[in-house]
Structure formats: C-alpha cells, structure tokens
Amino acid sequence: MTTALSYALHTSPAPLNVATDTADGRAELRITVTNPGPEPVTCDTITVTVPAGDGPDALTATPETITVRIDGHAGRHAEHRGGGVFHIRPTDPGAELKPGERFVVTLDGVVVNRSVGTAVLGISEAAAVGPGSPRERAAGGWQLPKAPTEEMLSDFRPDETSVPNGGCVTLTWKGIDGPDYTLFYGDQPGQSVNDRMVDGNGTWTSPALHTATAFMMLASTAKDGVPVTYGLTTAVTVDIPDLEVGSLDANGVVSLFGQAQEIAGGTESGTWTYRAETDGVITGYIKTNQSGAPATLNVFVTPPGIKRQKFASQSWDVRGGTENQEASVLVPVPRDSVVSVVQKTDGGAFTAALTWFPFGSGPLQVIEP
C-alpha cells in the first residue's frame, strides 16, 4: 500500500556499531518525511517503532534513553509511547503538509545492543490526501545492520591505479585474525588469501592485466552465531586495453560519457546524498598529510531492488611514512540508485575530490537531507 508521505532514513554511524565493554554503541537515526505532492496531506499520526531487546533482530535494550526532536517544519511534536514506539503528531489537529514540504525526525541517544545482526525499523502513518478521513498505511521496514566495532578490513588498495597493457599490480590491505578473506577480480571465482597475510597486513600480486579490472575483498566471520561479511573494492585501469565486443558499427564520432560533474570532495568532513538519472561511474580520491591520521572516503550505492553496497577507501599507509598518503575509489552506479558520499578524518588535514561520469546524459541530482 502506497503511503501519502515519503520517508528516507539516515544513520550515524553507518553501519551501526554494536556496544562493547569499552564503547556504548550510541547512534542517531534521522528520518526525513516529505510530501511528494501534488496535493496537501493531512497526517494525524506517524508511528516509528524501534525494535527493543537484546537479540540480533533488536536495535536497543534501553529504548528509554532515546530522545526525539523535529526540525524543518513547525507545528509537530513527538512523544514516546513506551517500548521504543514513538508518535509524531501535528500540534494543531488537521494541519496540512503542503506539496514539497518536509521535516526531519531525529532519534538520538540510541544505545545499540551487543548482538551483531540486522534490526528492522518500522514506520507507519495515518494520513489523508486532500479531503477525507486518514487511512492507516505502513511505510515498510528499514533494515539497520549492526556491525562489530573492530574493523575486519581496511586500507584495501593497489600500488598503481593505472598500468600498461599486460602490467601487474600489488594489492595490500589490513585485517585482523579470525575472519576468512576472499579476493574477487574480473570474471575469476573468489580465492582465499588468508595465507597472504602476515601480522595483520596482506599482500597479493595480480596476473597480467589487459582490461580495466575491479577487485573486491570480502572478510567473513560469525559473531554470536550471526554471519557477518564486510567488503571493500578498488579498481585498476589499463592503458590501451584489449577490447572485446559483439557487434559494433560506428560511422563518425562515438561518445559514451556525458558531461562530467564534480560532487562532494573538498577539505571538510561531511555527507552528501544524490540520485542517479542514468548509469555511470564515480571516481575520486582522498589524501591526508599525516600517516597517523587516516582519512576515509565511503560511497554507498543503493540500486533499485538491491541491498545497499559500500565502497570504501582509507588514506593511510600502514607502513608509516611522512609523505602524503592517497587512496582512490572507482564506483559503478546503476540508474535510479541513491548514492551517499561520506568523507571524514580522525585528525589532521585532508583533501578529497570526486567526479561523476554519466553514460549518456544525466547529472547526479542532490537529495537534500
């Protein structure tokens, strides 16, 4: 059943981290509520249900610590009905939300429990479009993955981002003891690289590369009986690559890419969200000036009907050194995907730059938080 209002969920951190003896796992959930139009909507109640308990399918064992605030639209208030159930209502009954109007419901002070798994946040509404009585509609459930606080995999990168045809690259990464590490590249099946790690640092040299090649590293383990997988990707381009096609007829100039667009980037931490109007790729880098102060660049891609994918790069040379450290990403983006870019640092200065290359025409449209 289609809801009268639209909802978008953002979490901080993403993914959420479970609590430990040394970290309380606090998190923030932000729900952006919008009237997509074209008619006013009278919304009597929006119900947000935070799954409470200690298990892997619950988010918090202490829902009473959660506080709620509403920003962006006057005349609404929130109340905790107990057990992690929150009601958002207009201060004046019958107040309308006009087309295009929006507000943000922020749940702060969420203490994530200790169980790795996935909780599902529930959202429903009692709303009416135009004249008429409010109808009960469920907006569905939003999955909230809860990950271990220890980082199973980081700093996955090649020593060269571009090589001549027939050249090789050496991939390096940082991990911890326990998980199984599997490497995928090109059209090759996954191969275990556990034996390529020494003291938490992994090294693997590729065979000769003849076309642009994407690499993916998966770290898999189980936490309290729940499977947990974490992945990072990187890519290498090949100068004057081999080309394999089926049928290709060209008379004149052939163009694949449309107008390039600079997105996110700069020297400040932040989060940006976009929607892709066409297929394309995002390429970019993040660079820090201190080997002891890593900077991270995360790109989250949510294609229609597919679970969100994370592409991450960390600018930090684990071998030390005082030279600027740079890490890059190359991210495929299907049409109609929602793309979130998060860049941040643990200290020190950094510089980041990202560019959108659409296949054909279509810029990345900014989604306001």
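Colleague: Is arginine 196 buried, partly exposed or exposed?

Modeller: This is a predicted model, so read every value as computed. Arginine 196 has a relative accessible area of 39%, so it is partly exposed.

Colleague: Which residue forms a salt bridge with arginine 196?

Modeller: Start with the general idea. Side chains of opposite charge can pair when their charged atoms come close. Here the partner is aspartate 195, with the closest N and O atoms 3.9 Å apart. Aspartate 195 counts as exposed because its relative accessibility is 64%.

Colleague: How many salt bridges does a search of the whole structure find?

Modeller: Six. One of them joins aspartate 71 to arginine 69, at 3.2 Å between the closest N and O atoms. Aspartate 71 is partly exposed at 35% relative accessibility. Arginine 69 is partly exposed too, at 39%.

Colleague: What about glutamate 125 and arginine 137?

Modeller: Their side chains meet in a salt bridge, 4.0 Å from N to O. This pair links distant parts of the chain. Glutamate 125 sits in strand 10 (residues 117–129), arginine 137 in strand 11 (residues 135–147), and they are 12 residues apart.

Colleague: Are these two buried or exposed?

Modeller: Use the cut-off: buried means under 20% relative accessible area. Glutamate 125 is at 1%, so it counts as buried. Arginine 137, at 9%, is buried as well.

Colleague: Which residues are linked in a network of salt bridges?

Modeller: Glu79, Arg81 and Arg89.

Colleague: Now the rings. How many aromatic pairs are there?

Modeller: The whole-structure search gives six. Take tyrosine 185 and tryptophan 204: their ring centres are 5.3 Å apart and their planes stand at 50 degrees, so the pair is tilted. Tyrosine 185 lies in strand 15 (residues 180–185) and tryptophan 204 in strand 18 (residues 201–205), so the pair ties together parts 19 residues apart in sequence.

Colleague: Which ring pair is edge-to-face?

Modeller: Tryptophan 204 with phenylalanine 215, at 6.3 Å centre to centre and 65 degrees between the planes. Phenylalanine 215 belongs to strand 19 (residues 213–223), 11 residues from tryptophan 204. Both residues are buried. Tyrosine 185 is buried too. Ring pairs join Tyr185, Trp204 and Phe215 into a cluster.

Colleague: Which residues form a nonpolar patch on the surface?

Modeller: Leu243, Val245 and Leu248, with about 350 Å² of accessible area together. Leucine 248 is in the loop between strand 20 (226–239) and strand 21 (261–266). At 59% relative accessibility, leucine 248 counts as exposed.

Note on methods: Residues are numbered from 1 along each chain as its sequence is written. This is a predicted model: local features need pLDDT of at least 70, side-chain atom pairs count only at pLDDT 80 or more; totals for chains, interfaces and linings use all residues. Side-chain values use heavy atoms; hydrogens and water are left out. Patches are made of residues with over 30% relative accessible area and no salt bridge: like charges are joined within 9 Å, nonpolar side chains (Val, Leu, Ile, Met, Phe, Trp, Tyr) within 5 Å. Accessible areas come from the Shrake-Rupley method with a 1.4 Å probe; for residues, only the protein chains shown count as cover. Helices (H or I, at least four residues) and strands (E, at least two) are DSSP runs, numbered from the N terminus. Buried means under 20% relative accessible area, exposed over 50%, partly exposed in between (1.4 Å probe, protein chains only). Rings of Phe, Tyr and Trp (its six-membered ring) pair if their centres lie within 6.5 Å; planes under 30 degrees apart count as stacked, over 60 as edge-to-face and the rest as tilted.
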